[in-house]
Structure formats: C-alpha cells, structure tokens
Amino acid sequence: AGSIGTICLSAGGDDAVERAVACLRAGGLVGLPTETVYGLAADATNGEAVARIFEAKGRPRFNPLICHVSDLDMAARLAVMDDIARGLAARFWPGPLTIVLPQAEATPVHPLTTGGLATVALRQPKGIAGDIIARLGRPLAAPSANPSGRVSATSAGQVMRGLGGRIELILDAGPSELGLESTIVKPKRDRLVLLRAGLVGRDALRDATGLAVVGPDAGSGIEAPGQLRSHYAPHGAVRLDVEHVELGEYLIAFGDASSIAGAAQAAAIVNLSPSGDLREAAANLFAALARFDRPEIGRIAVAPIPREGLGEAINDRLCRAAAPRA
Ligand code: TXA
Ligand code: MG
C-alpha cells in the first residue's frame, strides 16, 4: 500500500468533528482519542474500511473489534440489549466498559468487524469520539491505534509514529485520560464473564448487576475467539491452495477464477476478489465461508491467496477453516 499523507488536527478545533466524519464516511481511517487509549477507527459497517484497520496495524489475524456507539439507541440496533446489558450501560456508559452481546438480527455491522462471530462487543466512549459517532450515525470499529504487538497509543504523537503514512487523519486531544484499555465483560444468564480486566472492576460490576463475576477461565469454556484452531470450521472439508478443482467441489476463488484448472466443474464459485484485491477479499471472506457452510456441502476448495499484507490474516482464517475438527 502506498504512503498516505497523515494529517494531525487538534480535537478542539472548529472543524475537527466535521473532518473526521467526512473521512470516515469515505471509508478512511482516523486515529481518535477516547478516554481509555487512542483508537484506530473505521466505519464498522464498511468491510473494506475495516480491512484497512488490519492492514494498517499489520495484524496477522482477524480478531473481532470493539464497536463504538454514540448512545443506547444505536447499541440496540446492533445488539440484543437485555435488562442486564441495559443496567450495565446505564451505570457505566459513556465509559471504559465493553459489553459482549448477541448481535441483532438486522445489524448493519460488517462480519469482518465481529470476526464472523454471532456476538458483538459494544462500548460508548466519552468525549469527541462519541460526537463523531453520533454525527456519522454509524458505529466505529476501533482497536487501539498502534501497530500489532506494540503498546497501546495514549497520545497523538505515538499514533503518528506508529501509524503515520497509513491513516488519513489523527485528532489530538492530549494524553489519554485513563491510559488503559476498557474492561470487557460478557453477560451470561446468571453471571458475568470477565474477558479482559480494566478500570471497571469486579466489585463495581457485581454491585451494578447483583451477578457473580467469573474469570475468563472459571467454567466459562473457551472465550477468546480464535484460540481453537477449528473454531471457525464450516461443515465441509476445506482444501487450501488448490491448483486443480475436483468435480463437485465448491470453489472459493481469488483473482481470475478461470485460470484455475478444473474451475468449470466446481459446483459453485464465490470469488473473494475478481481483480485480486486483498482488501476486497478480506471484506468478502466471512460471507463466502458462511455461504458454503451448509450440511449438504461436503468439499470446499480454496484458490491460492498471496501471503503478503492482508493476505497473512486471510490465510490464517482459512487455515482455521481447514484445520481438523476438534
Ligand atoms: O479501550 C478500549 O477498549 C480500546 C479503545 C480504542 O476503545 N479498544 C481496544 O480494542 O482495546 P482492541 O481491538 O485492542 O481489543 C478488542 C478486544 C480483543 O481482545 C477482542 O478479542 C475482544 O475485544 N472482542 C471483540 N469482540 C469480541 C466478541 N464478540 N467476543 C469476545 N471478545 C471480543
Ligand atoms: Mg490493542
């Protein structure tokens, strides 16, 4: 990807919200202050914009991202907000608490944002981030604004040093108020599962809901998505890097599908990107896997996909789909 001239603006400036909204609406990336850490934000409903987040961070896999909302109404359009979720939101939003909930049926959130999961992680941030989301009228996907494997950015300068040249805009609101990522909690019927510790502690969560708070490992099963190699496997067997399609296989193609030997005998073809564009392929990946995840589809063949840039995360996801079942 070519280098972009990254603009840094004061978050206090007159047109800061306007500029950020215009950039996000056009599918751009913005380094945004929140009260926890700086976020690397994109429109959570735009798959190619979200693909750019992974590209800019150099993340080798598509882990699910937090969706930032402006208010309870937006949250309720994205997720099933039961009484527990509403209680948590009323007590802690806007603030450093992320709540993992079942997705609403008609959610506009793109599957790349949620890593293809049935749940979505929601948080209402304080300050200018909330104003931008409200004005945009759409949720923002935003991991911490640092390259993968580096410490979370807590100043605009840090965002510029880590991601300058890869994102369009940074809003500078000085050092982050809290400097630590949000607490992540997943409500279960009779308890709260703490997925990531943060400034909202166990006692506050228990007091707000009257529910027990259990650790990520205390009888909750595997919670971290992507931990289980075969977590994402479709019904059928998946064959990667195919050079020859066998009769009756369902084909996931990339680039010119007709260049793959035997493509004409595929039962059906989904092309992740006919032009061979990795961002487009990333945005289409989860829908392609979901489309071929049917009991009657026994064999799925996947064309070779380059391993550079976003291709690493795409191949990581496909390897999980192809892993032997646990
Ligand atoms: O304070 C914060 O939370 C910052 C600011 C920018 O809001 N954001 C942040 O995002 O730390 P990130 O992407 O670095 O962390 C997101 C975490 C990941 O560990 C991911 O696994 C988890 O949230 N997560 C997201 N969606 C999930 C889901 N549906 N189920 C379980 N975990 C989820
Ligand atoms: Mg992070």
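**Figure 1. Packing of helix α1 against helix α5 in a predicted model.** The axes of α1 (residues 16-25) and α5 (residues 128-136) come within 9 Å and cross at roughly 55 degrees. That angle makes α1 oblique to α5; angles under 35 degrees count as roughly parallel, over 145 as roughly antiparallel, 65 to 115 as roughly perpendicular and the rest as oblique. Axes are lines fitted to C-alpha atoms, for helices over the stretch in contact, and angles run from 0 to 180 degrees between N-to-C directions. Helices (H or I, at least four residues) and strands (E, at least two) are DSSP runs numbered from the N terminus. The crossing of α1 past α5 is right-handed, that is, the near helix is turned clockwise from the far one by less than a right angle. From α1, residues A16, V17, A20, V21, L24 and R25 meet I128, D131, I132, R135 and L136 of α5, contact being C-beta atoms, placed from the backbone, within 7 Å. By class, this contact has 8 nonpolar, no polar and 3 charged residues; Ala, Val, Leu, Ile, Met, Phe, Trp, Tyr, Cys and Pro count as nonpolar, Asp, Glu, Lys and Arg as charged, and the others, Gly among them, as polar.

Residues are numbered from 1 along each chain as its sequence is written, and chains are lettered from A and ligands numbered from 1 in the order in which they are written. In this predicted model, local features need pLDDT of at least 70 and side-chain atom pairs count only at pLDDT 80 or more, while totals for chains, interfaces and linings use all residues.

**Figure 2. Packing of helix α2 against helix α8.** Here α2 (residues 47-57) and α8 (residues 278-291) have axes 8 Å apart and an angle of about 110 degrees. The two helices are therefore roughly perpendicular to each other. α2 passes α8 in a right-handed crossing. In α2, G47, E48, A51, R52, F54 and E55 meet R279, E280, A282 and A283 in α8. The contact comprises 4 nonpolar, 1 polar and 5 charged residues.

**Figure 3. The surroundings of ligand 1.** Ligand 1 is surrounded by 25 residues, of which T36, G39, P64, A121 and P143 are the closest; a residue is near if its C-beta atom, placed from the backbone, lies within 6 Å. The shell divides into 14 nonpolar, 9 polar and 2 charged residues. Strands β5 (97-102) and β6 (119-123) each supply at least two shell residues, and β6 gives the largest share, 4 residues.

**Figure 4. Domain 1 and domain 2.** An automatic or database domain assignment supplies the bounds: domain 1 covers 7-214 and domain 2 covers 237-322. Their C-alpha centres lie 31 Å apart. Each domain puts 13 residues into the contact.

Definitions and conventions
Two residues are in contact if their C-beta atoms, placed from the backbone, lie within 7 Å.
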